[in-house]
Every structure is written in structure tokens, then in C-alpha cells.
Amino acid sequence: MTTYILILLVVIVVLLIAVLMRPVTVDLSALREDNSRLRERLAERLGALAQNATELKNISADIANFKNILMGNKQARGTFGERQLEDIVADIMPPETYAFQCVLETGVRPDCVIRLPYPPGDMIIDSKFPLESYARLHEDNIYRKQFELDVRKHIDAIAEKYIIPGRTAESAMMFIASESIFETLHREFPGAVDYAARKRVFIVSPSTLWATLNTIRAVLSDIKIKRVAAQIKKELDYLLTDLGRLADRAGNLQRHFDQTTSDIDQLQTSIKKITPRAEKLRELDFGEE
């Protein structure tokens, strides 16, 4: 058995030697062309990698800037929230249905007012949100309690300043510029969310505000259509009344025409009766003196 294996190995070695000793024809021009294409592809890949690295660097910088905005000073957060709110509202609502930073009759200046007919009245949207304790939310329970307390205080302030009986709607909106914070608030602080609902302050994120504003725009369009339809009906009623008067006057004029025609016919009859008599009178011989 071992002998057979050795013979088989010898045969395989001989075949390998024969293959290796066989003269190989190399096409140098084709090899150069392949190398050139390979270098081009490598250059393209390296360029794409460099571009991706630049984009990742920019994204990292944007994320860092966003974090600085959210966790930085209060004024920067407020400006970011106001700008995002303005962009969403301006993209959805007609220009005549909203106003930014306008002063109410009470002297307060809300971030945004959605103009609605009364009732329900103007809807106020506040874009400020207390984030001082949010950054340290998961470090200690004391920060969780402080965060919920800050949220409740902000809800109270919105309800007190922006829900004005007889002037605004019976509810207002608190805009949170971050979807993750909005989700955290609903998941971990349901008591604060329920408290906002009792105070008639609706908490909205960019996505929920988008849906809410689209609903409001549809309602406003329906109100406008109904208002225009009512005006058209009113004008149509006026038109029908005027047409009725015109028909009455045309009837009176027709009666006058009919009476005039009858009078003319009677006059013609009288003329026809008088004419023969006049002829007879002319034919009479009165004699001559």
C-alpha cells in the first residue's frame, strides 16, 4: 500500500515539474494595461475613501455642535428651538395664519402664534424647554426629580402666560426640538406628560408638530371654503331678490304696453266710425247763397 502511495506521489511531482517547466508566454502590453486600470481603480477608491472621511469629519463636527447647542448655554438652545419651530411652521402654514415674536395684549411675547378664528382662538406655541438638568438626568435621582420639576414649572408658565380666556385658544403647545428628549419625557416621565394634559399644554416634537399643523391647515381650509360658500349663497340670495324685482317691473311695463295697445285699438275704432260720418256730412248739399 505504501509503495502505491509513493508511486502516486512521484507521478504528481513529475506532472508538476512538467507544468512548471513549460514555457510561459507573457503579454507585456496586456499586463501594462491591466496595471494601469488597477492603478486608476485604486486612485478612485482612495478618492472615495478620502471624501467619506471628510464627510464623517463634518458629520462629527455637526453632532458636536448640536450637542453644544442642546447642552450649552440657555440662549443658544432657545435660538435653536425658535429657528426649528419657525422653519416647520413656515413650511406648512399659509403666511397669513401665523406670526413670530408678536406682543400680545397682556404684554408677553410668545415664540409663535397660530391665527385661528374665535372660537377656538389663537394657538400659542412655546419653543423654550428646560434642559439644565437633562444632561445629568441619568447620573443621580436628584437630577431626575429636578428635571421633572423644571418641566412642570415650564408647563405652569405656558398655561399662565399663553392661555388667555376670551382671547386665545383654551390650550397651548410646548415644542421640544429633540425627538429623543420628547421620547424620553413620555417614556420615563409620564406624570409630567399627564400634568401637561391637565393644564391643557400639549407637548409636541418636530414630527408631531408637523402632523398637528397639517391638521390645523386642513381645518382652516375647510373654514375658508365654508366662509366663501356662505358669502356666495348670500350674494346669490341678493341676486335672486333683484331678479324678482326686475321680473315684477317687466310685468308692470308689459301691462302698460298692453293697455297702450288697447287704447290705440279703441282710438282706431273711433276714427273708423267718425270717418264715414264725416264723409256723409261732406256729401250733404247745403245749397249756395
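Trainee: Which backbone nitrogen lies 3.2 Å from a polar atom of the side chain of Asp-122?

Mentor: That of Leu-116. This is a predicted model, where local features need pLDDT of at least 70, side-chain atom pairs count only at pLDDT 80 or more, and totals for chains, interfaces and linings use all residues. Residues are numbered from 1 along each chain as its sequence is written, and side-chain values use heavy atoms, leaving out hydrogens and water.

Trainee: What makes the link between the side chains of Asp-122 and Arg-115 a polar contact?

Mentor: The two side chains are joined at 3.1 Å. A polar contact is a pair of N or O atoms within 3.5 Å; within protein, one must be able to donate a hydrogen and the other to accept it, and residues adjacent in sequence count only if both atoms are side-chain atoms. The value of 3.1 Å therefore falls within the 3.5 Å limit.

Trainee: Why is Asp-122 called buried?

Mentor: Its relative accessibility is 9%. Buried means under 20% relative accessible area, exposed over 50%, and partly exposed in between (1.4 Å probe, protein chains only), so Asp-122 at 9% counts as buried.

Trainee: Where does Asp-122 lie?

Mentor: Asp-122 is in the loop between strand 2 and strand 3. Strands (E, at least two residues) are DSSP runs, numbered from the N terminus.

Trainee: How do you know that strand 2 and strand 3 pair?

Mentor: Three bridges join strand 2 (residues 112-114) to strand 3 (residues 123-126). Two strands pair if DSSP finds at least two bridges between them, so these two strands, with three bridges, qualify. They run antiparallel, and Cys-112 has Ile-125 in strand 3 as its bridge partner.

Note on methods. Helix = DSSP H or I, 4+ residues; strand = E, 2+ residues; numbered from the N terminus.
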